[in-house]
Amino acid sequence: MSPKIEAKNVTVRAGGKEILHQVTTEVPENQVFTVVGPSGAGKSTFLRTINRLIDIVGGDIRLDGEPVTALEPVILRQRVGMVFQIPLPFEGTVEDNIMMGPRLSGSKEPDVGELLDMVSLGRSFSDRKASELSVGEQQRMCIARAIANGPEVLLMDEPTASLDPESSRKVEDLILSLSEGNLTLVLVTHNMDQGRRIGDWTMYMRDGRSLTTMETGEFFERYQGGIA
Amino acid sequence: MNLEQIISPEDLVRLAIASVLIILVMVLSHIRKLEMVSDLAIASIRAFVQLMILALFLQVIFDLKELIWIVIILAAMMTIAAYTSARRARGIPRSFQVCAISIFVSSSAIIVTMVALGVIPQRAEYLIPLGGMVIGNAMNITSLALERLRGEVDNNIMMIDNMLALGATSRQAIFPLVKKSVRASLIPTVDNMKTMGLVWIPGLMSGMIIGGMDPSMAAVFQLIIIFMILASNTIASILSTMELSKSLFGPAEQLVYRP
């Protein structure tokens, strides 16, 4: 089966410094692909190159075999959604937030109640002010907001890093339930245990380089003692 | 041309008497140990010299009948205004270009329209001072709007990234911040208009009344210039924020400006 995302020799420079150096990997379709590694490894930068929030200076990234640069950025980001580390609610209600993507593109409006059920917030949250939710609830709302566009891929940049353990566990459960549908998930985490719990595939990054990509079980078996 | 040709001996005596106020302020500053005596002296001398040079210069200009000279002088004023505004907007990408487009387009559009419609006579003694007021205001509004928008973007990077990630165009992502910045930059102009005649008498109207003009005529002229300033300021604010917005984003609708 051909991969959902292919990255080949991806290089990013900023301020005269190389942030990513020839990163090459493949993300299989409908799997949870985790990107792990220490702080400053370039994990978040790599994630942002997939939906072109950051442009690459060398290499190639393909979505279903098509270079992402050949797609309209707006269309690409509807197909490849993103959830950030710190949830950021827009002004208005939870429904206003969830409808933001479809309203921006003028596409068919999804069933908000269904999305709220999916992220375990419940339909009663629809009319609540988004800014008044707890951080954990806001993060789940942001996931619903990203899914409302009907993406094929969801990029998640440390989605549990700013949450308490209870909220973190709920978001992890949500990620696992999302992975059962037709959604490819690319999850950046510095938490190796989290990567082990929810990842199907693992890419390990350090100093802007991809050191290895393999099935998560095999990765943790082989590198229990750490990566040299 | 000498000083006596632009100021009568009588006026010079008046000016000398008014200068006593400056001396009193300097004495007060010395007594209160404010350490401002030299600043006050330099500022007063500079104001005197600059205004005298301006008066001499304006007399020469007013004698010029060709439109081209007026256009050249207004263009020079706009260039200096753009340069001044760009210096205040340091750190903003393409700052001179952004300021120049904003000030040239907004001021020229309003001045040319008013002259073409016959509201302002096509004479140097009208066009230079009124043009100067329009350009000066456009300069201030450009600086205000750019500074405000830069601050808004600095504080809302995450919001912009979130919007872009949801499929917003750069224009959609920055629109709420542009709107806030334009509104905020126009507050002083609108507030000035609201309090005009209640809290303060505008400078142009005061000058005309002191110069012997009928107060109702002076009011009409003042209103014309205020409307010109409002229109020019609004255009300058919208243009400068639009131009700045363009330079903050890359071709793939991504925010390339990072504070």
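Predicted model: local features only at pLDDT ≥ 70, side-chain atom pairs only at ≥ 80, totals over all residues.
**Briefing: a helix face, a core and a chain contact**

**Helix α3 of chain A**
- Helix α3 of chain A covers residues 94–105, and its buried residues are A:V94, A:N97, A:I98, A:M100 and A:G101.
- These buried residues line one face of the helix, because they fall within an arc of 120° when you look down the axis of α3(A).
- As background, an α-helix has 3.6 residues a turn, so residues three or four places apart point the same way.
- After α3(A) comes A:G106, with a positive phi near 75°.

**The largest nonpolar core**
- This core holds 108 residues, and those with the most contacts inside it are A:V35, A:A144, A:L155, A:L185, A:V186 and B:I103.
- The element that gives the most to this core is helix α6 (residues 124–155) of chain B, with 13 residues.
- If you select A:V186 and set aside its neighbours within four places in sequence, you will find it in contact with A:V27, A:F33, A:V35, A:L47, A:I50, A:V153, A:L155 and A:M156.

**Where chain B touches chain A**
- Here 19 residues of chain A are in contact with 15 residues of chain B.
- On the chain B side, helix α7 (residues 157–165) gives the most, with six residues.
- That side of chain B is made up of seven nonpolar, six polar and two charged residues.

Terms used
Residues numbered from 1 in each chain as written. Chains lettered and ligands numbered in written order. Core = buried A, V, L, I, M, F, W, Y, C linked by C-beta atoms within 7 Å. Buried ≥ 20, exposed ≤ 12 C-beta atoms within 10 Å, placed from the backbone. Helix = DSSP H or I, 4+ residues; strand = E, 2+ residues; numbered from the N terminus. Contact = placed C-beta atoms within 7 Å. Arc of directions from axis to C-beta. Nonpolar A, V, L, I, M, F, W, Y, C, P; charged D, E, K, R; others polar.
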